[in-house]
Amino acid sequence: MKPIKFLSLLLHFSLALFHATVAHEPPPGGTSIIFATLGRLDYAFDIFTLPTGDPPSKTNELQITDGESVNFNGHFPSPSPSLLSLLANKTLIEPPGQQNPPPLNLIYVTERGGSSNIFYDAVYVDTPRSARSRSALEIPTRVQVPLLNGEGGLSMKDKPTVSGDYLVYVSTHENPGEPRTSWAAVYATELTTGFTRRLTPHGIADFSPAVSPSGVYTAVASYGEKGWSGEVEELSTDIYIFLTCDGTNRVKVVEHGGRSVEDNWISVYKATLPSQGPISIESVIVERVTPPGLHAFTPATSPGNNKFIAVATRRPDSDYRHIELFDLVKNEFIQLTRLVSPQTHHLNPFISPDSARVGYHRCRGATSDKKSTHLLLENVKSPLPDISLFRIDGSFPSFAPSGDRIAYVDFPGLYVVNRDGSNRRQVFTGMAFSTAWNPARKGVVYTSAGPTFASESTEVDIISINVDDDLGQINSFKKLTSNGENNAFPAVSPDGKWVVFRSGRSGHKNLYIMDALEGEKGGLYRLTEGPWSDTMSNWSPDGEWIAFASDRENPGSGSFELFLIHPNGTGLRKLVQSGSAGRANHPCFSPDGNSIVFTSDYGGISAEPISNPHHYQPYGEIFTVKLDGSDLKRLTHNSYEDGTPAWGPTYIKPKDVEWPRYGPQCSFEECYWLNKMPVLGHGAAPWDPPRPQCGSASP
C-alpha cells in the first residue's frame with residue numbers, strides 16, 4: 001500500500017471519530033447505568049493463527065487482529081467478489097508484488113465502539129519466514145471493513161461465515177415477545193446491498209451456524225419448538241439443517257449430540273446425510289470421531305479436507321483449553337497451541353479454505369502498546385439516548401449521591417474510585433458483596449461482610465464505612481447487625497435514616513429495616529415474612545417503595561421475580577414476571593424514581609456456553625422497566641453474564657475510562673464443567689498421548 005493511501009484511510013476514520021464524538025453531547029437530565037460482567041474486562045481477545053504444515057512455535061504464530069477491544073470467533077472466507085466490492089479502493093488489496101500471493105482474509109466478531117459488529121480484514125502476512133511479523137500491529141498493509149452497517153441495530157452478532165454473496169451469522173435484534181426465550185436467530189445479509197433475511201423460524205432460537213462447503217445448506221444447534229430449559233452448561237440441543245438461501249426445508253438430523261452417554265466424554269461426531277432420497281433423522285448416519293479420554297468440542301474443517309479437523313480440547317493433564325488437529329486417517333491427535341502457549345486458553349478453531357492455517361482466539365497478553373490499557377469503565381453502546389451505559393471492572397457497583405464516585409467490590413475487598421478512574425482506594429479488605437451509599441451522610445457506604453451464596457445461618461453482617469474519615473486507613477468500619485444470621489444487601493432510605501436488608505434470622509431470608517446509624521440497637525422491624533427468600537432490595541428516591549427479588553411464588557426453586565412493597569409493609573405487588581423458573585434480580589431505581597434497572601434471563605441464552613469462558617449464569621442481560629410494569633427494554637446484548645446494575649444521577653460521556661496502569665490481566669476461568677473428567681470405564685481406551693506435529697517444537 002502506498003503511504004498516501006494509508007494516510008487517506010487514517011484521515012477518513014479520524015474524521016468519522018470526530019463527528020461521533022461531537023454527536024455525544026450530554027443530554028439534559030441524562031443519567032448513567034453501570035453493571036458488572038464476570039471476567040469480560042480481562043479477556044483481551046485477539047485472533048491468532050498457526051500453519052498446519054509447520055512445527056508449531058512462537059515464531060510461527062501470528063496475531064492477525066489489531067488489539068482493539070475484543071476480537072473473536074473468526075472465519076477464513078474464500079476470496080469473494082462481494083467482499084472486494086465493499087472496498088472503496090480495490091487496489092488496496094492487490095498484491096504488492098508478483099512474488100506474493102493474495103492477502104489472508106478474515107471475518108470475525110469485534111466489540112469495538114461499544115457494540116458488537118462483524119469485520120472483514122485482509123492482511124499481508126507472507127514476508128520471508130525469517131522476518132515474519134508475529135503481530136498484526138506490526139503489519140503495515142491491511143484492509144479493515146465493518147460488514148454490518150446498521151443491519152440488526154444494537155444486538156449481539158456472532159459466528160459469522162461468508163458464503164458467496166452472503167454473510168451468515170447469529171443476531172439477537174428481534175424480540176420473540178416471550179419471557180425467558182432466546183432472541184438468538186440466524187440471518188443472512190447480502191454483502192453488496194445489505195438486504196437481510198431471517199433464516200430461523202420465528203419463535204425458535206438457533207446457535208452456532210455452520211454453512212456447507214457448497215453453501216446450499218446451513219446446520220445449527222437448536223432446541224426447536226421446545227425452547228431453552230434453563231441449562232447453563234452443555235446445552236442439550238439438536239442439530240437441524242435448512243437451505244441457506246431462505247431457511248426452508250428445515251430438518252432435524254441429529255438428536256442431542258456432544259457428550260457420550262456411554263462414557264460421559266464430550267466428543268466430536270460426524271453426521272453423514274443420504275446422497276439420495278429425503279433427509280430425515282432416520283436416514284442420517286451418526287458416527288463418533290474423537291475417542292474417550294479427553295473432552296473435544298467446537299470442531300472445524302475446510303472444503304475438500306478429508307484428512308484432519310481442528311478441535312478445542314481439555315485433557316486430564318492440563319488446566320487449559322487448547323487447539324489440536326485430529327488426523328482422520330490415523331485417528332490421532334496433533335498438538336498445536338499447547339506447544340506454543342501451554343498456560344493460556346485457546347478457543348473456537350477455524351481452518352483456512354486451503355487447509356494451510358488454523359485460526360483461534362486467545363488473550364493477546366500484556367504489551368507496552370497503549371491499546372492494551374486496562375479499563376475501569378468500558379462504554380457499551382446504549383439504545384437509550386439519554387442514558388450512557390458502562391461495564392465496570394468489579395461487581396456490585398453503586399454511585400455516590402452526587403454521582404462523582406463509585407463503590408464496588410472485587411472479591412475480596414471493597415473499593416471507592418472517582419468515576420474518571422482516579423483516586424482508587426481499598427477501604428475494606430475482607431470478603432464483601434453489595435454496596436450502597438447513604439444519601440444524607442456524605443461518604444458513608446454500606447456493604448455485606450461475609451461469604452456469598454451462603455445459608456441462612458451463615459454469619460454475614462451489614463457494616464458501614466465512612467470512606468472520608470481516616471483517609472488511608474483500611475477496615476475502619478461499624479458493624480450494624482449483631483445476630484450473625486446472614487444479613488446482606490443493604491439499601492438506604494432517601495433521608496438516610498433507615499436501612500432495609502435481608503436476614504436469615506428466622507430461618508428464611510426475609511426483609512428487615514433498621515436504624516442507619518446505630519443499626520439493630522437503634523431500631524429494627526420486620527418488613528416481609530414467609531418460608532421463601534426476599535433479597536436484593538433497593539429504596540426508591542421518594543421513599544415510597546422498596547423493590548426486591550423474591551422466590552416466594554416457588555420457594556427454593558432458584559426462580560426469582562421482582563416485587564414492590566411500601567416501607568410500612570403494604571402495597572405488595574409483582575413488578576416483573578420472569579417466566580417459568582426464570583430469574584429477575586438486583587433491582588435499582590432510576591434517579592427520578594419512575595423506572596427500575598435489573599438483570600434477568602428474560603432474553604434466554606444467546607450462545608452455547610461451551611464457546612465462551614466460564615460464566616456462573618451465562619444468560620444475564622440488563623433491562624429497564626417502568627414502575628407499572630410497562631415499557632420493558634433490553635439494554636445489553638451479548639453471551640456473557642451481565643448483572644448487579646446501578647443507576648447514577650449524572651450522564652457520563654460514552655467513552656471508555658482507563659485505569660492509570662497498562663496491560664490486561666488476561667485471566668479468566670474455564671467453564672467449570674470441563675474440569676470434570678469422567679472415570680474411564682471397563683474396556684474404554686485411555687486417552688492417547690498426542691504427538692507433536694512434524695517432530696519436535698518449541699514449548
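Strand β10 (residues 185-190) and strand β11 pair in the antiparallel sense over three bridges; two strands count as paired if DSSP finds at least two bridges between them. This is a predicted model, in which local features need pLDDT of at least 70 and side-chain atom pairs count only at pLDDT 80 or more, while totals for chains, interfaces and linings use all residues. Residues are numbered from 1 along each chain as its sequence is written, and side-chain values use heavy atoms, with hydrogens and water left out.

**Overall composition**

- The protein chain holds two helices and 48 strands; helices (H or I, at least four residues) and strands (E, at least two) are DSSP runs, numbered from the N terminus.
- Of the 699 residues in the protein chain, 56% are buried, where buried means under 20% relative accessible area, exposed over 50%, and partly exposed in between (1.4 Å probe, protein chains only).
- Among the contacts (heavy atoms within 4.5 Å) in the protein chain with a separation of 6 or more, 57% are between residues 24 or more positions apart.

**Sheets and strands**

- Strands of a sheet pair through backbone hydrogen bonds, either parallel or antiparallel.
- Strands β10 and β11 belong to an open sheet of four strands with the order β8-β9-β10-β11 and antiparallel pairing.
- The edge strands of this sheet are β8 (157-163) and β11 (196-198), each of which pairs on one side only.
- Thr-189 stands opposite Thr-196 in β11.
- Another open sheet has four strands in the order β3-β2-β23-β22, again with antiparallel pairing; its edge strands, β3 (62-63) and β22 (346-351), each pair on one side only.
- Within that order, β2 (residues 45-51) and β23 (residues 357-363) run antiparallel and are joined by seven bridges, with Thr-49 opposite Gly-359 in β23.
- Parallel pairing is found between β1 (residues 31-37) and β25, over six bridges; here Thr-31 stands opposite Ile-387 in β25.
- Strand β25 (residues 387-392) has six of its six residues buried: Ile-387, Leu-389 and Arg-391 lie on one side, and Ser-388, Phe-390 and Ile-392 on the other.

**Nonpolar cores**

- In soluble globular proteins, nonpolar side chains tend to be buried together.
- A nonpolar core is a set of buried Ala, Val, Leu, Ile, Met, Phe, Trp, Tyr and Cys residues joined through side-chain atoms within 4.5 Å; the largest one has 37 residues, of which Leu-564, Ile-596 and Phe-598 touch the most other members.
- Strand β30 (residues 432-437) gives the most to this core, with three residues.
- A second, separate core of 20 residues includes Ala-300, Ala-312, Ile-351 and Cys-671.

**Backbone features**

- Most residues other than glycine have a negative phi, and most peptide bonds are trans.
- The peptide bond from Phe-411 to Pro-412 is cis, with omega near 0°, and Pro-412 is found in the loop between β27 (405-409) and β28 (414-418).
- Ser-355, in the loop between β22 and β23, has a positive phi near 65°; this residue counts as buried because its relative accessibility is 14%.
- Asn-486, in the loop between β33 (478-479) and β34 (487-492), has a positive phi near 50°, and Asn-486 is buried, with a relative accessible area of 0%.
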